[in-house]
Amino acid sequence: CIWPHTFNFDLTLDNLLWMLDFVGKAKWDAWKSLGSVSQDARQQYVDLIDSLLAAEGPAVAAQPTGSAATFDTLLVSTEDNITTIRLNRPQKKNAITVEMYNEVIKALEQAGKDDSVITVITGSGDFYCSGNDLTNFTKIPEGGIEQMAKDAGELLREFVKAFIDFPKPLVAVVNGPAVGVSVTLLGLFEIVYATERATFHTPFSQLGQSPEGCSSYTFPKIMGNAKASEMLLFNKKLSAVQACAQGLVTEVFPDSSFQTEVATRLKAYAKLPRNSLALSKQLIRGTEKERLHTVNDQEVERLVERWLSDECMQAIMSFFQAKAKL
Ligand code: COA
């Protein structure tokens, strides 16, 4: 689904060759006979993705247990003045589908208005979140690949905006490894608690992409340019202890006592006066809010371009190729 404006046939030949292992020689013959007609090449890619997905079978969304029926990909609950939004696709490491993006926006909107004092984001299972669900790139709308990139950009802009504008203290309870946008957003949280098992990875250049979640602004501010570049440009994965030393994480806990120690802290914090906390947060964040919106807009604009690049397309195909080989 990721396709450059002017598709260069030679550039992607290698990719196609190994994809052929998967789709068979007949498909290659058909492809070759198309020559370098850009429109046809696009269609062929779409067909290829369709066949990969068909081979993989339908995506199975996790069924929430014991949550409000309004969310399919989240468990949302409020207790002891704490609203918890739990990403709930553990078998996919809580990768964020289009549906989940929309549901998180909705859950944040509700949490911003409810009676709770703080809002927590965490994950089900052994992962916090594996970032953007890469199958989002395979759902091509009628308007084609450009439309898909534009729609994805709009959704990401709204998603990040919901975090920038969130009026109450936000706490990330990072219960396991975190990847991509789930990491970049952390600069917009007030507290980040992590189990010692957590890791923090933003493999953007590896995927031919670029940073989002306002991290191009918040990360250098939090950890300095040198350390931010290691993460955002060179894909360095941090341990929880390293992320804490660099200021991205507030505190790290042993995995065995993580949930209980964090619950004790949060219950105490949630007894503080609601308005005082909200207004203090708004004072701290208020001065840079406009800046964050501008950064979000710029990051989204760059990503929409990246999603239509050869580099990104090849990286996405590699992901599916690796899956197909398993
Ligand atoms: N998008 C789509 N599917 C994802 C995903 C993602 N971001 N992250 C995990 N999954 C899927 C896997 O494909 C796998 O699906 P399957 O059971 O149908 O094969 C399932 O979730 C479990 O993941 P698996 O890879 O088996 O677990 P792991 O512990 O070996 O590795 C990750 C976990 C997250 C390291 C690995 O899945 C990965 O690298 N995912 C891509 C992460 C990524 O690039 N995110 C975007 C960042 S911008």
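Visitor: In which sense do strand 6 and strand 9 pair?

Guide: Strands are DSSP runs of E with at least two residues, helices are runs of H or I with at least four, and both are numbered from the N terminus. Two strands pair if DSSP finds at least two bridges between them. Strand 6 covers residues 191-195, and Thr 195 has Phe 253 of strand 9 as its bridge partner. Over three bridges, the sense of the pairing between strand 6 and strand 9 is parallel.

Visitor: What kind of model is this, and how are its residues numbered?

Guide: It is a predicted model in which local features need pLDDT of at least 70 and side-chain atom pairs count only at pLDDT 80 or more, while totals for chains, interfaces and linings use all residues. Side-chain values use heavy atoms, without hydrogens and water, and along each chain, as its sequence is written, residues are numbered from 1.

Visitor: Which residue of strand 6 is the bridge partner of Ala 172?

Guide: Strand 4 (residues 170-174) pairs with strand 6 in the parallel sense, over four bridges. In strand 6, the partner of Ala 172 is Val 192.

Visitor: What is the strand order of the open sheet?

Guide: The sheet has six strands with mixed pairing. Its edge strands, each pairing on one side only, are strand 1 (74-79) and strand 9 (251-253). Direction ignored, neighbouring strands are turned by 20 degrees against each other on average. The order is 1-2-3-4-6-9.

Visitor: Are helix 5 and helix 12 roughly parallel or roughly antiparallel?

Guide: Axes are lines fitted to C-alpha atoms over the stretch in contact, with angles from 0 to 180 degrees between N-to-C directions. The axes of helix 5 (residues 144-164) and helix 12 come within 9 Å and cross at roughly 155 degrees. Their contact (heavy atoms within 4.5 Å) includes Leu 156 and Val 160 of helix 5 and Leu 292 and Val 300 of helix 12. Since angles over 145 degrees count as such, the two helices are roughly antiparallel.

Visitor: How does helix 7 lie relative to helix 8?

Guide: The axes of helix 7 (residues 215-223) and helix 8 (residues 225-232) come within 7 Å and cross at roughly 135 degrees. Angles under 35 degrees count as roughly parallel, over 145 as roughly antiparallel, 65 to 115 as roughly perpendicular, and the rest as oblique. Helix 7 is therefore, relative to helix 8, oblique.

Visitor: Which helices do the buried residues of helix 7 pack against?

Guide: The buried residues of helix 7 are Ser 215, Tyr 217, Thr 218, Phe 219 and Met 223. Among them, Ser 215, Phe 219 and Met 223 also belong to the contact with helix 8. The helices packed against are helix 6 (181-184), helix 8 and helix 12 (289-307).

Key. Buried < 20%, exposed > 50% of the residue type's maximum accessible area, 1.4 Å probe, protein only.
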